Amino acid sequence: MYDYDLLVVGSANADLVIAVERRPDAGETVLGGDLAVHPGGKGANQAVAAARLGARTALLARVGDDAYGRLLLDSQRAAGVDTVGVLVGEVPTGVALITVDPSGDNSIVVSPGANGRLKPADVRAAECLFQASRVVSVQLEIPLETVEEVVRSLAPDSRFVLNPSPPQPLSPKVLAACDPLIVNEHEAKVVLGEACVSDRPEDWAKLLLAKGPRSVVVTLGPEGALVASSAGVERIASVKVDAVDTTGAGDAFTGALAFRLAAGAGLAEAAAYAARVGAAAVTKEGAQVSFPTAEEVEAL
């Protein structure tokens, strides 16, 4: 019996968000709205998203001993995430500077801070969390060597989910462990590199699958998503909503998908549920504060 449906290993940031009419050009200053500070970071976001849906969730991350770190810990605990794996200290908490335009699209610059200090030794020290978790979800806002150590630390029957964001080259061992590899359009093109010889998402999925993952999910924003495995490629319909802020939507999708996989759902079923969760998340401002409960998803 697993103690956790999901262990998330990854980043925890404070999101500093400013609404702008448009993003500045080089050398230009643009006035924006009031600064809003939200708990964020891809790892912390995924953990909260899953916990809000009812998943038994743990987080392995690192934050600073500062106000932003306390904000993040409070947010995790309020959502029901077990923070026994969150390490505190050494350097300041990571920060993401986010601008959001009137359409809800965002641009993000991240200062990794404490996230860059999450090391392979921290993964090895948390062996009990890996043995107790049905699914392990990771992103790339922590050192790549730490991600590789996560793959080496997986329990024999656990499932590894990776969102390679921000994208960078991945070793064959990491790719082979992914079930699934979850990418958006930008991430798919970076991971494929010169192999990206098509404009069709279905072809991206097949090409990514050929690189070694056991399965692949390509998220397509308002166009939905598609899933690919040895069984073939399947389109997942989108849920039409009025987008307010897309910050954290991909993390909500990934956390929800990982949770449904832990519950025994097939990949297409899990992705369809995750698409509904991601759609609900974009109807509110912020990342973690916008993530829905299971009841809110059902209502949508």
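# Close-up views of a predicted protein model

View 1. The model being predicted, local features need pLDDT of at least 70 and side-chain atom pairs count only at pLDDT 80 or more, whereas totals for chains, interfaces and linings use all residues. Residues are numbered from 1 along each chain as its sequence is written, and side-chain values use heavy atoms, with hydrogens and water left out. Arg200 forms a salt bridge with Asp203, and the closest N and O atoms of this pair are 3.1 Å apart (a salt bridge is a side-chain nitrogen of Lys or Arg within 4 Å of a carboxyl oxygen of Asp or Glu). Asp203 counts as partly exposed, because its relative accessibility is 22%. Through salt bridges that share partners, Arg200, Glu202, Asp203 and Arg235 are joined into one network.

View 2. Glu202 is found in helix α8, which covers residues 201-210 (helices, H or I with at least four residues, and strands, E with at least two, are DSSP runs numbered from the N terminus). With a relative accessible area of 16%, Glu202 is buried. When residues up to four places away in sequence are not counted, Glu202 touches Leu226, Val233 and Arg235 (contact means heavy atoms within 4.5 Å).

**View 3. The salt bridge between Glu90 and Arg62.** Side chains of opposite charge can pair when their charged atoms come close. In this view Glu90 forms a salt bridge with Arg62, with the closest N and O atoms 3.7 Å apart. The pair links distant parts of the chain, since Glu90 lies in the loop between β5 (82-88) and β6 (94-100), while Arg62 lies in strand β4 (residues 57-63), 28 residues apart. Glu90 counts as exposed, because its relative accessibility is 62%, whereas Arg62 counts as buried at 8%.

**View 4. The salt bridge between Arg70 and Asp65.** Arg70 pairs with Asp65 in a salt bridge whose closest N and O atoms are 3.8 Å apart. Arg70 is partly exposed at 46% relative accessibility, and Asp65 is exposed, with a relative accessible area of 63%. The structure holds 16 salt bridges, one of them being this pair of Arg70 and Asp65.

**View 5. Helix α1 and the glycine that follows.** Helix α1, made of residues 42-52, is mostly covered, with 10 of its 11 residues buried. The buried residues of α1 include Lys42, Asn45, Gln46 and Val48, and among them are also Gly43, Ala44, Ala47, Ala49, Ala50 and Ala51. Just after α1, Gly54 takes a positive phi of about 110°.

**View 6. Glu21 and Gly32 in the loop between β2 and β3.** Gly32 is found in the loop between β2 (13-19) and β3 (36-40), and Glu21 lies in the loop between these two strands. Gly32 is partly exposed, because its relative accessible area is 43%, while Glu21 is exposed at 67%. Leaving aside neighbours within four places in sequence, Gly32 is in contact with Ile18, Ala19 and Val20. The C-alpha atoms of Gly32 and Asp101 are separated by 9.6 Å, although these residues stand 69 residues apart along the chain. For Glu21 and Thr99, which stand 78 residues apart along the chain, the C-alpha atoms are separated by 9.6 Å.

**View 7. The whole chain, for orientation.** The protein chain has 11 helices and 13 strands. Its radius of gyration is 18 Å, close to the 19 Å that the globule rule gives for 300 residues, so the chain is as compact as a globular protein of that length (the radius is taken over C-alpha atoms, and the rule is 2.2 Å times the number of residues to the power 0.38). The C-alpha trace spans about 50 × 45 × 40 Å along its principal axes. Buried residues make up 54% of the 300 residues in the protein chain. Among contacts between residues at least 6 apart in sequence, 66% join residues at least 24 apart.

How values were computed: Buried < 20%, exposed > 50% of the residue type's maximum accessible area, 1.4 Å probe, protein only.
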